[in-house]
Amino acid sequence: MEMDDILSVSDDAVAREVGGETVIMHLGSGTYFSLNEVGGRIWQLLEAGDRPVAELCAVIVKEFDAPREVIEVDVLALATDLMDKDLVTRRAA
Amino acid sequence: MTLTADQNDVRSQRPMDVPAFDSWTDPEGGTVAFFYRLTDGYLLRFPDRVDFEIDAETLAVRSFPASEDMVDVAEALLHNAIAPLVGNHSGRLHLHGSAVVIGGRGYAFLGLSRRGKTTLAAAFARAGYPFLTEDVVKLERRVGESGLAEYIVHPARPVLRLYVDSASHVLQSELDWGEDDGKTEIAADHALPHADSPVPLGGIILLGPGENDDMSFARIAAPDALPAILQQAFILDVEDKPRLRGHFQRLGDLAMDTDCYALDFPRVFEALPFVIDLVVGAIGNGGTRDGNG
């Protein structure tokens, strides 16, 4: 996963906010995934449109007032996890 | 809506020339039902028992018992499997579970097969908490004048279908008979009361596996409850993504608007009176208590 890779929400993913968390279900496999507030914000950004990882990081750094290097590690890890679960797809910029 | 099936002649189950697109399995891994796609609908096959054909457009159901012995089984499956599948496909809310009335409100026990849903309903009924339903919880969402959503639990048939050992325990008499699935049907009576009117939903109680000796009952958060509730939904067409999305949103609403609890206890009949005390006491105390000590 690279910072300029562009992420898209999978057609098989459905999500909603429930009690402060974002619960995502994969419609094909029926598996579930839960995101905290930061992860939920990233999901919300992706639902609004395809975005590069770097842009997601920039928004999170700004909104959550956290160190960029920490955010980049966390966002890359989350993006990889979501991709492994077929909840997002990736394409090169 | 009350679903009725056009009861057709007994028909042997011919081999299908298309693969099943979905199936239901029991906890031992055996197949309970196969789902096939027909040109104009679906065929649900309960092997050696019943075929149901469902028209995709009208959702009309035709029932084909595999033998004369399966006519009553077809009727039970119509209520406990086909009606909730068709109902959810139409945008309604049916869950796999039982429900009882405690303090004027309905409490639904949801869990995987063989987790004791019907036995709990029977035990609560014997203790004076009437059962509403034993296998399918039919819910209706309403928005009150306050703007808050509430759910109504509808009563189902006044019968309990119990495994023979559970039935013997609940009725406190030895039984040695059962139907082809090992269950026996027991009608409600004064000692096993049934609630025949809808009541507001008080909570959803998710049953744990009962793999240890401890007993526990606690409130759980909506994000933790939702995946467990989703497992108890009846889905006719797992490949119909628009309907799956709608169902996911409806169940999300339910998890958000309902008190949800996790209950676990060792699956021995002797534990049931303590489970009843634990649940009834905890609901009265705001929802959390453990059963140890």
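**Figure 1. Pairing of strand β1 in chain A.** Strand β1 (residues 6–9) of chain A and strand β5 (residues 51–52) of chain A pair in the antiparallel sense over two bridges; two strands are said to pair if DSSP finds at least two bridges between them. Leu7(A) has Arg51(A) as its bridge partner in β5(A). β1(A) also pairs with β6(A), again in the antiparallel sense, over four bridges, and here Ile6(A) has Arg91(A) as its bridge partner. Helices (H or I, at least four residues) and strands (E, at least two) are DSSP runs, numbered from the N terminus. The model is predicted: local features need pLDDT of at least 70, side-chain atom pairs count only at pLDDT 80 or more, and totals for chains, interfaces and linings use all residues. Residues are numbered from 1 along each chain as its sequence is written, chains are lettered from A and ligands numbered from 1 in the order in which they are written, and side-chain values use heavy atoms, with hydrogens and water left out.

**Figure 2. The open sheet β2-β3-β4 of chain A.** Three strands with antiparallel pairing form this open sheet, in the order β2-β3-β4. β2 (13–18) and β4 (32–35) of chain A stand at the edges with a single partner strand each, so one side of each has no neighbour in the sheet. On average, neighbouring strands of this sheet are turned by 20 degrees against each other, direction ignored. Strand β3 (residues 21–26) of chain A is joined to β4(A) by four bridges in the antiparallel sense, and Ile24(A) stands opposite Phe33(A) in β4(A).

**Figure 3. The interface between chain B and chain A.** Contact, meaning heavy atoms within 4.5 Å, links 15 residues of chain B with 14 residues of chain A. About 1400 Å² is buried between the two chains, and carbon and sulfur atoms give 66% of this area. Buried area is the accessible area (1.4 Å probe) that two parts lose on being put together, summed over both. In chain B, the residues that lose the most area to chain A are Pro223(B), Arg245(B) and Phe248(B), together 41% of what that side buries. Helix α5 (residues 241–257) of chain B lies across β2 and β3 of chain A and runs at about 15 degrees to β2(A).

**Figure 4. Two loop residues of chain A with positive phi.** Most residues other than glycine have a negative phi. Asp65(A), in the loop between α2 (53–64) and α3 (68–84) of chain A, has a positive phi near 50 degrees. Asp65(A) is exposed, with a relative accessible area of 72%. Asp86(A), in the loop between α3 and β6 (88–91) of chain A, has a positive phi near 60 degrees. Asp86(A) is partly exposed, at 47% relative accessibility. Buried means under 20% relative accessible area, exposed over 50%, and partly exposed in between (1.4 Å probe, protein chains only).

**Figure 5. Strand β14 of chain B and its partners.** Eight of the nine residues of strand β14 (residues 199–207) of chain B are buried. Strand β8 (residues 105–110) of chain B pairs with β14(B) in the parallel sense over five bridges, with Ile204(B) as the bridge partner of Ala108(B). Strand β16 (residues 260–264) of chain B is also parallel to β14(B), over four bridges, and Leu206(B) stands opposite Ala262(B). Strand β11 (residues 149–154) of chain B pairs with β14(B) in the antiparallel sense over two bridges, Val153(B) having Val199(B) as its bridge partner.

**Figure 6. Helix α2 of chain B against helix α6.** Helix α2 (residues 117–126) and helix α6 (residues 272–284) of chain B pack at an angle of about 80 degrees, with their axes 10 Å apart. α2(B) is therefore roughly perpendicular to α6(B), a term for angles of 65 to 115 degrees. Axes are lines fitted to C-alpha atoms, for helices over the stretch in contact, and angles run from 0 to 180 degrees between N-to-C directions. Thr119(B), Leu120(B), Ala123(B) and Phe124(B) in α2(B) meet residues of α6(B) including Val275(B) and Val279(B). Nine of the 10 residues of α2(B) are buried, among them Lys117(B). Gly128(B), which follows α2(B), has a positive phi near 100 degrees.

**Figure 7. Helix α4 of chain B.** Seven of the nine residues of helix α4 (residues 222–230) of chain B are buried, so the helix is largely enclosed by the rest of the structure. The buried residues include Pro223(B), Leu226(B) and Ile229(B).

Terms used. Parallel < 35°, antiparallel > 145°, perpendicular 65-115°, else oblique.
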